[in-house]
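Q: I've got a structure open and I'm new to this. Can you walk me through it?

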Amino acid sequence: MTARQLDPVRASLDRALHALAALGPEPAEHANRIGAILWSPPRIVIVGRLKAGKSTLVNALVGAPVAETAALEATSVVSVYQDGAPARVEAVLGDGTRRPIDTARGQVSELPVPADEISYLHRWLPSAAIRDYTLVDTPGLATLTSENEARTRRVLIDGYAQTRTASVDADAAVFLFDSTPRADEIAFLRQLGFTPLTTLGVLSRADGFGEGALGARDPLAHAAEHASKLAAELRETVMAVLPIAGLLAETSHTGALTETDARALAALDGIAPLDLIDLLDSEDPGAVPPQVRGRLLDLLGEFGMIHGRAVAARGGAALNEWLVANSGVPQLRGVLSHYLGAFAAVRRAGRIMAELDQLAYTHPARDQIRAITDGLRSDPAMHTVVLFEHLEAMLEADPTSPVTAELRRLIEHPSPAEKLGLLPTATADEVRGQAAQKRAWAQGQALSTMTAAEDAALVTLIHTYGLLTRGA
Ligand SMILES: Nc1nc2c(ncn2[C@@H]2O[C@H](COP(=O)(O)OP(=O)(O)O)[C@@H](O)[C@H]2O)c(=O)[nH]1
Ligand SMILES: [Mg+2]
């Protein structure tokens, strides 16, 4: 593994684990266990109400129809999708034991034991799309079935505290809602314990937003406008809100759309939208037979059928491209890999620090281990990870403290100017001046802190502003 190109954070943690392993055979076992966390990609969990479009989005992101969206038994358990060959599925039971499961073209039709005994399904499939992060599909919350909600909670929240073995240990969340999220959904999200930097909002089913495909307004544009309003309202909970038409993305990213489909859709051109929707409900034989119309509706939805017809005349490839462009998924992928995935990796590094801290308290070799963790915390490569630890602690202790806001800004932005709340065009002198001011402010705050978390965070803030003052 050391031959692999390491990012600086992983390289530092890897060195620390090697130092731990060098302390003896028993510490080496701990190093291996913790190393498994370091070397598996961060996990992004998809949460939201039943029928919000979670599994559809997973299929679109993975690029294959792997997540069951019909009312199969498997939709009622948590599934972890990880890059790996050969494609296979295991059921992880409550006690951590694993059972292989038969699949038909990747789909699970039958569970080997009752859903209640399964903590989650662990699914491997070779897919470059999930190389950098693993996706976790959940059954859904606060809906018709309280068992689904209980299962989601158990594996994400309760499972974590009780039995580590049967928990999925997610590092970030994508929160799907199809209108304005309800108070209980936001409460659930807060309970998951993610920071706003590791939580992304998705306004799903954008193709049917507002009055839908037949309304006076374009639903995609309407959804985009609503999403930016929600992003401002939910600023304390999510990093952004993106509008997504998961169905359009699933159809175009999984290769479900054929040339024949495009031809059939093009043959429906010229019919007024309202008449087209009526036709979809009827058994009228028509130029395009009812079962073909039904298939098109499943693939494209009403919006895709009405507005895709003109594009379909140019062929399947053109229609596919149009679906991708209107789905919002390319933008989502960008945010997942550049922001959410990156912050999830920071959180994962923080979890490794926490594991080492635990050993530094409990292990007989605690003094040597403490030296390793102290070394890590003063390593410049680990700076963002340390700030993130403080942010998590502050969100719990005092989310509205100005210290919390400062930590968030420092982590969120890559450039020194923006880290300090200046415009990216600020001069080096302005940056140094602002850093000095912030440092003085933090020193003042440190004289009368409200909580232990704030006390500790301010020590790090003073150090950070000090570095920025010196232009580091
Ligand atoms: N029109 C439209 N339908 C969608 C979209 N996303 C999901 N659906 C449909 O909504 C239903 C529920 O989706 P599913 O992904 O299983 O929801 P889950 O319960 O959150 O996993 C399925 O019939 C999907 O085809 C979307 O973006 N647009
Ligand atoms: Mg589902």
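Q: Which residues come nearest to ligand 1?
A: This is a predicted model, so treat it as such. Of the 14 residues around ligand 1, the nearest are Lys 51, Lys 54, Thr 56, Asp 207 and Gly 246.

Q: What does the backbone of Lys 51 do there? How far is its polar atom from an oxygen atom of ligand 1?
A: The distance is 2.7 Å, from a polar backbone atom of Lys 51 to an oxygen atom of the ligand.

Q: And the side chain of Lys 54? How far is its N or O atom from an oxygen of ligand 1?
A: That pair is 2.8 Å apart. The side chain of Arg 205 also has an N or O atom 3.0 Å from an oxygen atom of ligand 1.

Q: How much of ligand 1 does the protein bury?
A: The protein buries 81%. Taken alone, the ligand exposes 580 Å².

Q: What classes of residue make up the shell around ligand 1?
A: Five are charged, five are polar and four are nonpolar.

Q: Which helices supply at least two residues of that shell?
A: Helix 3, residues 54-62, and helix 7, residues 246-253. Helix 3 gives the most, with three residues.

Q: Let's stay on helix 3. How many of its residues are buried?
A: Nine of its nine residues are buried. Among them are Lys 54, Ser 55 and Thr 56. Leu 57, Val 58 and Asn 59 are buried too.

Q: What follows helix 3?
A: Gly 63 does. Its phi is positive, near 85 degrees.

Q: New topic. How many residues are in the largest nonpolar core?
A: It has 74 residues. Leu 20, Leu 332 and Leu 336 have the most contacts inside it.

Q: Which helix gives the largest share of this core?
A: Helix 12, residues 329-362, with 14 residues.

Q: Which domains does the core draw on?
A: It draws at least three residues from domain 1 (8-38 + 334-469) and at least three from domain 2 (40-194).

Q: Why would nonpolar side chains gather like that?
A: In soluble globular proteins, nonpolar side chains tend to be buried together.

Q: Last one. Where is Leu 200?
A: Leu 200 sits in strand 8, residues 199-203.

Q: Is Leu 200 buried or exposed?
A: Leu 200 counts as buried because its relative accessible area is 0%, and the cut-off for buried is under 20%.

Q: How far apart are the C-alpha atoms of Leu 200 and Leu 336?
A: They are separated by 8.6 Å. Along the chain, Leu 200 and Leu 336 are 136 residues apart.

Conventions: Residues numbered from 1 in each chain as written. Chains lettered and ligands numbered in written order. Predicted model: local features only at pLDDT ≥ 70, side-chain atom pairs only at ≥ 80, totals over all residues. Heavy atoms only, no water. Near = heavy atom within 4 Å. Polar contact = N/O pair within 3.5 Å; in protein donor to acceptor, adjacent residues only side chain to side chain. Areas by Shrake-Rupley, 256 points an atom, 1.4 Å probe, with all protein chains shown as cover. Helix = DSSP H or I, 4+ residues; strand = E, 2+ residues; numbered from the N terminus. Nonpolar A, V, L, I, M, F, W, Y, C, P; charged D, E, K, R; others polar. Core = buried A, V, L, I, M, F, W, Y, C linked by side-chain atoms within 4.5 Å. Buried < 20%, exposed > 50% of the residue type's maximum accessible area, 1.4 Å probe, protein only. Domains from an automatic or database assignment.
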